[in-house]
Amino acid sequence: MPPFLTDLDSRAAIKGSRDPLGVQPIWSRLGRRVVANLTTVSNSVRDFTVLLLGYYFAERVAQGGGTDGDLSTFLKWEQLAAYARAHVNGERGFRGTERVWKRLSEGDRVVLGAGLEFQILSNQKTYGLWGLYTMPSKASGLLEGDPTRLTAVARQLVERDLLPAMESKAPRAVQEIVDRLSRRTYSLDLAAGSRDATLLKAIGSLLKSVSFAERELYRDYLLYGCDGDKDPSRGTQGKQRLFADLLTETLQESDWALSPESIDALAAKAARRGPVGRTLVPRLQQIRAAESLLAPAAALFEYALKFDGQTPFQIATQIRSHWGKSLRQTIDMETIEALEPELGAGSDGPASGRRWVQLADAFRGARYEKALELLLAQNAAVMTARAASAAWAVVRDGKLHVRFRDERPTALPLATELPTYWRHAYFIESLRTVGDQLRAQR
């Protein structure tokens with residue numbers, strides 16, 4: 001399936017989200033070949049359950065004649081679930097945590113509503129579950145259609161398992177939730193003994209842990225992504241399932257981290273896992289090789305922006321004093337040359353792909369002045385493709401003129417750190433996190 005992107009939650013933005021070199025389309029494309037459904041921020045099993053219930057209640061309200069639309073209903077349900085997670089379960093860390101806890105501290109009533117004054121995020125549509133989890137759920141085979149509705153397997157989970165579990169704690173809970181969400185606004189009474197408090201306890205109880213039925217469904221559809229694998233034109237044809245199993249095995253390693261070495265170890269294990277494993281190996285090797293180029297390139301570009309007014313030679317001398325010829329040992333030139341078409345995904349197509357290959361060659365030869373020239377050209381091409389006003393930096397009159405600079409720390413990794421240096425997601429940590437959450441409940 002083609003890569004899809006989502007707006008980033010401000011508290012979950014990945015490092016380098018401004019992406020001045022256009023690397024996100026590259027690593028996304030490579031990552032999609034082993035993780036077809038998840039994104040960098042869709043990694044909470046519990047949030048997927050809240051999402052499915054939200055779409056179920058949106059459908060119920062619409063069937064009952066609700067006029068505010070699915071989005072309005074969904075936002076109110078997300079608020080209701082968040083208040084239950086905080087007030088009943090004492091949970092922190094879900095989206096909207098800060099506003100939810102603040103409002104709970106202010107009294108015994110909170111208001112559900114789609115208006116900005118009631119939302120639990122600055123833009124709940126974009127930064128909440130609607131914006132961040134809908135597309136991954138569609139890619140996982142849990143949502144479909146227009147208007148968006150639950151697939152058959154997701155509906156079975158909701159109607160056969162989740163709703164009865166909720167009503168075992170509060171009879172008629174489902175209808176009462178529908179009634180509250182059907183109103184434009186609803187003032188939720190948190191006082192002990194109130195009907196709203198009982199309803200919150202039922203919701204909180206449901207969301208406190210992952211049930212057996214959820215684990216079974218999410219293992220197949222979130223962790224393995226096997227719905228897409230039923231169609232040869234989509235998914236990973238079994239590679240995600242094997243990759244997820246290999247990543248889950250690493251959960252026993254307390255010091256495991258995503259790095260070239262850990263990817264090599266996973267590839268070595270995959271090679272011993274039959275035909276599917278042998279097709280997974282080159283995909284992992286491509287990711288490893290791409291990151292050996294993209295990660296130091298991003299670091300070098302950020303570092304160079306510190307040197308406004310200096311010559312490329314002076315900047316290259318600084319870089320050489322840090323890295324020397326260490327990149328000769330980490331750059332996989334053969335694989336990068338084979339990846340040239342993929343490396344052209346970020347800006348101006350074939351020219352970009354060729355530029356990345358030339359950069360890899362410059363890195364291997366410790367020709368850092370040439371590397372800087374190529375990175376500036378790549379940034380200019382990315383800005384042109386985005387119809388941006390100007391490149392971040394240019395060389396004029398023999399000196400670097402910096403127009404824009406990130407305010408984050410810009411120290412280069414040490415030469416000794418380059419063999420393990422890793423910056424970009426490839427959706428791998430999200431897959432491992434989902435595997436951890438499903439395993440932890442057993």
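**Exercise 1. Helix α8**

Task: In this predicted model, determine which residues of α8 are buried and what covers them.

Solution. 
Step 1. The buried residues of α8 are A173, V174, E176, I177, V178, R180 and L181.
Step 2. Helix α8 spans residues 173–181, and seven of its nine residues are buried, which leaves the helix mostly covered.
Step 3. The cover over these buried residues includes helices α2, α3 (70–87), α7 and α9 (195–208), together with strand β4 (185–189).

**Exercise 2. Helix α2 against α7 and α6**

Task: Find how the axis of α2 is oriented relative to α7, and then relative to α6.

Solution. 
Step 1. Take α2 (residues 45–63) with α7 (residues 152–167): their axes come within 10 Å and cross at roughly 95°.
Step 2. Angles of 65 to 115 degrees count as roughly perpendicular, and α2 and α7 are therefore roughly perpendicular to each other.
Step 3. On the α2 side, the residues in this contact are T49, L52, L53, Y56, F57 and E59; they meet A154, R155, L157, V158, E159, L162 and L163 of α7. Sorted by type, the residues of the contact of α2 with α7 are nine nonpolar, one polar and three charged.
Step 4. Now take α2 with α6 (residues 129–139): here too the axes come within 10 Å, with a crossing angle of roughly 95°. This makes α2 roughly perpendicular to α6.
Step 5. From α2, the residues D47, F48, V50, L51 and Y55 meet L129, W130, Y133, T134, P136 and S137 of α6. The contact of α2 with α6 divides into eight nonpolar residues, two polar and one charged.

**Exercise 3. Positive phi at D19 and F427**

Task: State where D19 and F427 are located, what their phi angles are, and whether each is buried or exposed.

Solution. 
Step 1. Most residues other than glycine have a negative phi.
Step 2. D19 is not a glycine, yet has a positive phi of about 55°. The position of D19 is in the segment before α1 (24–31).
Step 3. D19 counts as buried because its relative accessibility is 6%.
Step 4. F427, also not a glycine, has a positive phi of about 65°. F427 lies in the loop between β6 and α20 (428–440).
Step 5. With a relative accessible area of 4%, F427 is buried.

**Exercise 4. The β5–β6 hairpin**

Task: Describe how β5 and β6 pair and what lies in the turn.

Solution. 
Step 1. Strands β5 (residues 393–396) and β6 (residues 399–402) pair in the antiparallel sense, over four bridges.
Step 2. R396 stands opposite K399 in β6.
Step 3. The two strands form a hairpin with two residues between them. In the turn, D397 has a positive phi of about 55°.

**Exercise 5. The nonpolar core and F363**

Task: Name the residues that touch the most other members of the largest nonpolar core, then list the contacts of F363.

Solution. 
Step 1. The largest nonpolar core holds 136 residues; F57, W77, Y218, F243, W356 and F363 touch the most other members.
Step 2. Helix α14 (residues 274–304) gives the most to this core, at 15 residues.
Step 3. Beyond its neighbours within four places in sequence, F363 is in contact with L293, P296, A297, L300, W323, L327, I331, Y368 and A371.

**Exercise 6. L247**

Task: Locate L247 and list its contacts.

Solution. 
Step 1. L247 is in helix α12 (residues 239–249).
Step 2. At 0% relative accessibility, L247 counts as buried.
Step 3. Neighbours within four places in sequence aside, L247 is in contact with W256, L266, I428, L431 and R432.

Key: Residues are numbered from 1 along each chain as its sequence is written. This is a predicted model: local features need pLDDT of at least 70, side-chain atom pairs count only at pLDDT 80 or more; totals for chains, interfaces and linings use all residues. Side-chain values use heavy atoms; hydrogens and water are left out. A nonpolar core is a set of buried Ala, Val, Leu, Ile, Met, Phe, Trp, Tyr and Cys residues joined through side-chain atoms within 4.5 Å. Buried means under 20% relative accessible area, exposed over 50%, partly exposed in between (1.4 Å probe, protein chains only). Contact means heavy atoms within 4.5 Å. Two strands pair if DSSP finds at least two bridges between them. Axes are lines fitted to C-alpha atoms, for helices over the stretch in contact, and angles run from 0 to 180 degrees between N-to-C directions. Angles under 35 degrees count as roughly parallel, over 145 as roughly antiparallel, 65 to 115 as roughly perpendicular and the rest as oblique. Ala, Val, Leu, Ile, Met, Phe, Trp, Tyr, Cys and Pro count as nonpolar, Asp, Glu, Lys and Arg as charged, and the others, Gly among them, as polar.
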